[in-house]
Amino acid sequence: MANKIGRNDPCWCGSNRKYKTCHMAFDDKIWSMALQGHEVPSHDLLKNAEQIEKIKESCKINIAVLDYLDANIKEGMNTAEIDKIVYDMTTDMGGIPAPLNYEGYPYSVCTSVNDQVCHGFPSKDVILKSGDIVNVDCSTILNGYFSDSSRMFCIGEVSEEKRKLVQVTKECVEKGLEEVKPWGFLGDMGQAVHDHAFANGYTVVREIGGHGVGLEFHEEPWVGYNSKRGEEMLLVPGMIFTIEPMVNMGKVEIFTDPKNNWEVYTKDGKPSAQWEIMVLVTEEGHEVLCW
Ligand code: MF3
Ligand code: CO
């Protein structure tokens, strides 16, 4: 692979520097990890400075939309109104909602209420009521660059039990984030997420995870939370991926609505929460790009 590049050839990263003074030592380090049996990222998963800047511009739209919803979401609103807000704000800012027509997904955003785990369809018939918890999952394409993040919102008077689920799920993401550093492993993050959920008596959805993101909506690696410390893909600077655990108050099992093959629910009907951030692995540790 990389070792085919000559020492004096231009580096693959586009820096216009010679390979030997740019990414050669870096590649050797990755290669030695691969030889030890670790899964390692390919070069196309590593974003350069210019790509990171473009991705950050896309993230700005996603953050602005979620900030707006944070201030304006309320009891009595239907989720189709949220879909319209997301579409209008995203396009006004020059972006495209990434979910729209993605593998046939028919809306601009996912709005998942209570026992909906993810991919909830916005609808004028889903009216937010006091006591609901709702995840709004926004993703944007700007000039071909992707951003993806989601937040939970508590509507009106939410029970202590559900508030705790929302809070602990957020903490799971924070605990996972602490583990994101170069030359660590994706499994360090996954185990931290899982351990915190488990310690609080919750379960973490197994079938659906996070993903690399930036140049495409969903890139490698797949990001699960049933992984173990020291396992899964090696983390190196330039990787960007999401951390987006779905945490169930009750049992881990889920099902997909056969009517539309999108909307996912908990099998036991108990609530589920999710927060999603987009993180860049840096030389020093990590940077959160989107939340
Ligand atoms: N935002 C979701 C994710 O985190 C994407 C769901 S696919 C969609 O990966 F089509 F529903 F958008
Ligand atoms: Co995502």
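Predicted model: local features only at pLDDT ≥ 70, side-chain atom pairs only at ≥ 80, totals over all residues.
Arg 151 lies in strand S5, which covers residues 145–154. Is Arg 151 buried or exposed? Its relative accessibility is 7%, and residues under 20% are classed as buried, so Arg 151 counts as buried.

The surroundings of Arg 151 can be followed through its contacts. Its side chain forms a polar contact of 2.9 Å with the side chain of Asp 67. The side chain of Arg 151 also reaches a backbone atom, the oxygen of Trp 291, at 3.2 Å.

The protein chain has five helices and 15 strands. Its radius of gyration is 20 Å, close to the 19 Å that the globule rule gives for 291 residues, so the chain is as compact as a globular protein of that length. Along the principal axes, the C-alpha atoms fill a box of roughly 65 × 45 × 35 Å. Of the 291 residues in the protein chain, 55% are buried. The chain exposes about 13100 Å², and carbon and sulfur atoms supply 51% of that area. Among contacts between residues at least 6 apart in sequence, 68% join residues at least 24 apart.

Strand S14, residues 277–281, shows how burial looks along a whole strand. Five of its five residues are buried, so S14 is largely enclosed by the rest of the structure. Which residues cover the two sides of S14? Ile 277, Val 279 and Val 281 are on one side, Met 278 and Leu 280 are on the other, and all are buried.

S14 also has strand partners. Strand S9, residues 240–243, pairs with S14 in the antiparallel sense over four bridges. Within that pairing, Ile 243 has Ile 277 of S14 as its bridge partner. Strand S15, residues 286–290, likewise pairs with S14 in the antiparallel sense, over four bridges. Here Leu 280 has Glu 287 of S15 as its bridge partner. S14 and S15 form a hairpin, with four residues between them.

Two open sheets come next. One has three strands in the order S6-S10-S13, paired in the antiparallel sense. Its edge strands are S6, residues 203–204, and S13, residues 272–274, each of which pairs on one side only. S6 is joined to strand S10, residues 246–248, by two bridges, and the two strands run antiparallel. Val 204 stands opposite Val 247 in S10. Helix H4, residues 160–178, packs on this sheet and touches S10 and S13. The direction of H4 makes about 35 degrees with that of S13.

The other open sheet also consists of three strands, in the order S3-S12-S11, and its pairing is antiparallel. Strands S3 (116–118) and S11 (254–256) are the edges, each pairing on one side only. On average, neighbouring strands of this sheet are turned by 40 degrees against each other, with direction ignored. Two bridges join S3 to strand S12, residues 264–266, and these strands run antiparallel.

The last stop is a loop. Where is Asn 48 found? Asn 48 sits in the loop between helix H1, residues 24–35, and helix H2, residues 49–72. With a relative accessible area of 27%, Asn 48 is partly exposed, whereas Arg 151 counts as buried. The side chain of Asn 48 reaches the backbone nitrogen of Gln 51 at 2.9 Å. Asn 48 and Gly 14 are 34 residues apart in sequence, and their C-alpha atoms are 7.9 Å apart in space.

Key. Residues numbered from 1 in each chain as written. Chains lettered and ligands numbered in written order. Heavy atoms only, no water. Pairing = 2+ DSSP bridges. Contact = heavy atoms within 4.5 Å. Axes fitted to C-alpha atoms, helices over the stretch in contact; angles between N-to-C directions. Rg over C-alpha atoms; globule rule 2.2 N^0.38 Å. Buried < 20%, exposed > 50% of the residue type's maximum accessible area, 1.4 Å probe, protein only. Areas by Shrake-Rupley, 256 points an atom, 1.4 Å probe, with all protein chains shown as cover. Polar contact = N/O pair within 3.5 Å; in protein donor to acceptor, adjacent residues only side chain to side chain.
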